[in-house]
Number of protein chains: 2
Amino acid sequence: MNPSLNQSVELADEPICEPRCTIPAEQTEQLQSQLLDPLKAQRMAEFFSLLGDANRLRILSLLAEKELCVGDLAAAVDMSESAVSHQLRTLKSIRLVSYRKQGRHVFYRLQDHHVFNLYQAVAEHLDET
Amino acid sequence: MNPSLNQSVELADEPICEPRCTIPAEQTEQLQSQLLDPLKAQRMAEFFSLLGDANRLRILSLLAEKELCVGDLAAAVDMSESAVSHQLRTLKSIRLVSYRKQGRHVFYRLQDHHVFNLYQAVAEHLDET
DNA sequence: AGTATATCTGAATATATGTTCATCTGTTAC
DNA sequence: GTAACAGATGAACATATATTCAGATATACT
């Protein structure tokens, strides 16, 4: 993974921007070497963004328990089947869910265990006052 | 944390929706007991959503390394100071960054180590083809 | 074949979100 | 004091995103 994001939060020993806050180009470049590259940033942003919907999270919370078909999901989360289908398509696009077809039904399930870690980290954060 | 989201992804041993996909109200209620409650879902969604921006992630990747003032951040990520300031306000609102004022400068830093876990989990997920 | 069911899809609307611009506040230096 | 600077803010615009509705597919049943 990108080494530029680690947990150590050091104080700036020498504020770059003194006396003026426009730093020399040289130091800016040095900073930029630690910068998350735009393409990866974009992909991560898209991923977080797609998780950023209450209905999708509620759907995921059900799928975490057991696989379910669209109709049952719709009934449980109290949404239209169309709306659920759209959201599932979104979740498929980031490979968070997969599905199997069985007759007329399509059963969806969580595809990726990383969701759980994400969920946990965010829950912890939110529980801290 | 909510016990309804765990890693076990079991196959539906008895598809609820047979023969019709509209399940009995009783079973729907049972499902709903595993459902992430709307308020928490909303809070989590808001959190993920606020992480869902490439510029914010790029800012975070720099702050993960060291604390920085708005002007230097703006120079490094090639955005206007105004834009950076707006994004920092957003990041403050979910307590991902905090700041200290020193004269004219405001130095921002990561406030929460959970970001790192999130980052790691997403990076892993994205790296899997 | 024809009908009913389960799901998907595209287009349209409504809403949320990001960025920009102009302006405002607070700080430092002269 | 006033000028220059760092940062914050609000409003306006542009863009992205979610939801709805109408209709399309695909499967099962008779």
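**Why is it called that?**

Guide: A polar atom in the side chain of A:His125 sits 2.8 Å from the backbone oxygen of B:Ile94. This is a predicted model, where local features need pLDDT of at least 70 and side-chain atom pairs pLDDT 80 or more, while totals for chains, interfaces and linings use all residues. Residues count from 1 along each chain as written, chains are lettered from A and ligands numbered from 1 in written order, and side-chain values use heavy atoms, without hydrogens or water.

Visitor: Why is A:His125 called buried?

Guide: Buried means under 20% relative accessible area, exposed over 50%, and partly exposed in between (1.4 Å probe, protein chains only). A:His125 has 1%, so buried it is.

Visitor: What does A:His125 touch?

Guide: Contact means heavy atoms within 4.5 Å. Among the residues that A:His125 touches are B:Phe47, B:Asp112 and B:His114, leaving aside residues up to four places away in sequence.

Visitor: What makes B:Arg100 and B:Glu67 a salt bridge?

Guide: The term asks for a side-chain nitrogen of Lys or Arg within 4 Å of a carboxyl oxygen of Asp or Glu. Here the closest N and O atoms are 2.4 Å apart, so the pair qualifies. B:Arg100 is in strand β2 and B:Glu67 in the loop between α3 and β1 of chain B, so the bridge ties together parts 33 residues apart in sequence. Helices (H or I, at least four residues) and strands (E, at least two) are DSSP runs, numbered from the N terminus.

How values were computed. Polar contact = N/O pair within 3.5 Å; in protein donor to acceptor, adjacent residues only side chain to side chain.
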